[in-house]
Amino acid sequence: MVNLEKLQLICHQFKVESSIQSIKTLESGHINDTYLITLNNNERYVLQKLNTSVFNDIKGVMANKITVSKHLKQLKSPYQSLDFIMTKTSKYYYRDEMNDYWNMMVYISNCVTYDIPNTNKIVYEAGKLYGDFITQNATLSSGVIKETLPDFHNVPLRFSQFEQALKTADDIKITTAKEVIDFAKKNKDEMCELAALKTNNIFPIRITHNDAKLSNILFNKNEEGLAVIDLDTVMPGIVHFDFGDSVRSICTNAAEDDDDFDAIAIKLDYYEAFCKGHADATKTILTPQEVKYLPLGVKTIIFIMGLRFLTDYLNNNKYYKVKYDAHNLVRCKNQFKLVESVQQHYDHILKITYHCYGLNNIS
Ligand code: GN1
Ligand code: MG
């Protein structure tokens, strides 16, 4: 944990015009450290320390964030985009003496975030906003965005990391996690399908968010989507993982670490509302092949998340922040329950998807 004095020194590396009134830790992320900074002139900023053991191409990450934010800003859409603050040496990040990297952005005030939605309107708006993120970025060449975390959503690679973890994990952990380990192995082939389709180049490469969860949306007080935040993982990719990641966090009745596993299920009414919002924003740009495989994106990304949580549990929680030792195991069980629920309702999910996109009998 960084002390207050150090945080103050870091803030003053950036072009801010007043002294600091208060600094508050924002707890939401699993990877980076984030702080809300209030100045004595009442301006507020978000200060972020990027985790360099996860992000090793900080310049690439920052360049992606800035490129996308500037692009969205000049579109003059009703949404807000992120404004990054430069350092006094005119860079978008500051490297401290510990080799930690920091960046700062303007805090967007009067907004609400949700971990799980409580109205259909929030769900529709989330679909529309993440859909618009794809559509709006389609006018920017994906070649200008770097793949800063190669193979981030690659199931075969995630599976080999899992197998590696199995080799070195404690026997007790392997026994405790037996049920989910078996689930991962049993579902491997089905979950590798999307990777094979991607390799065959049947989908366009777009600019995607790669952490398109509900909590990365700011809403206004009227439950309308206002801004997509957390652009750390913006990269070239296929639309399916963003679509699926949103469904994972939105069309559910529980947060990703809820341990009431029997209650976890996909909410089909929410799926329909989400899909409508997404289709309203992307109908004109997605190809029939992309639409056809959106539901495959849903089950695949939920599986990937479960597998990554499981791998980290076996590796003694090196990657994700945890509140207790079995936290990643609970997250994994929760996500695999959601995968099962998607599998059970798959035909219905396909029907809803085709209906929202106005498509029949895609071959
Ligand atoms: C991580 O730290 P956060 O919450 O932005 C992770 C995502 C996972 C997410 C699980 C770089 O995101 O891939 O979806 O946790 N980000 C990285 O909620 O690994
Ligand atoms: Mg993130």
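This is a predicted model: local features need pLDDT of at least 70, side-chain atom pairs count only at pLDDT 80 or more; totals for chains, interfaces and linings use all residues.
Angles under 35 degrees count as roughly parallel, over 145 as roughly antiparallel, 65 to 115 as roughly perpendicular, and the rest as oblique.

**Helices H10 and H12**

I looked up how helix H10 (residues 294–314) sits against helix H12 (residues 346–356), and I got an angle of about 135° with the axes 9 Å apart. H10 and H12 are therefore oblique to each other. From H10, the contact uses Leu294, Pro295, Leu296 and Lys299, and from H12 it uses Tyr346, Ile349, Leu350 and Thr353. I sorted the residues of this contact by type and found six nonpolar, one polar and one charged.

**Helix H7**

Next I checked the length of helix H7 (residues 239–250). At 1.5 Å a residue its 12 residues should span 16 Å, and I find the end C-alpha atoms 17 Å apart, so the two agree. Then I asked myself how many of the residues of H7 are buried. It came out as 12 of 12, so I put H7 down as mostly covered. The buried residues include Asp242, Asp245 and Arg248, and Val239, Phe241, Phe243, Val247 and Ile250 are among them too.

**Two residues with positive phi**

Asp151 has a phi of about 60°, and I placed it in the loop between helix H3 (120–137) and helix H4 (155–168). Its relative accessible area is 36%, so Asp151 goes down as partly exposed. Asn317 also has a positive phi, near 60°. I found Asn317 in the loop between H10 and helix H11 (327–344). At 15% relative accessibility, Asn317 counts as buried.

**Lys49 in strand E3**

I had Lys49 on my list, and it lies in strand E3 (residues 44–50). Is Lys49 buried or exposed? Its relative accessibility is 16%, and the cut-off for buried is under 20%, so Lys49 counts as buried. Setting aside neighbours within four places in sequence, I see Lys49 in contact with Val2, Asn32, Asp33, Asp100, Tyr101 and Trp102.

**Val106 in strand E6**

Last entry: Val106, which I found in strand E6 (residues 101–106). At 32% relative accessibility, I count Val106 as partly exposed. What does Val106 touch, leaving aside its neighbours within four places in sequence? I get contacts with Arg44, Tyr45, Asp83 and Ile85. I also took the C-alpha to C-alpha distance from Val106 to Pro204, and they are 33 Å apart in space and 98 residues apart in sequence.

Methods:
Residues are numbered from 1 along each chain as its sequence is written. Chains are lettered from A and ligands numbered from 1 in the order in which they are written. Side-chain values use heavy atoms; hydrogens and water are left out. Axes are lines fitted to C-alpha atoms, for helices over the stretch in contact, and angles run from 0 to 180 degrees between N-to-C directions. Helices (H or I, at least four residues) and strands (E, at least two) are DSSP runs, numbered from the N terminus. Contact means heavy atoms within 4.5 Å. Ala, Val, Leu, Ile, Met, Phe, Trp, Tyr, Cys and Pro count as nonpolar, Asp, Glu, Lys and Arg as charged, and the others, Gly among them, as polar. The expected span of a helix is 1.5 Å times one less than its number of residues. Buried means under 20% relative accessible area, exposed over 50%, partly exposed in between (1.4 Å probe, protein chains only).
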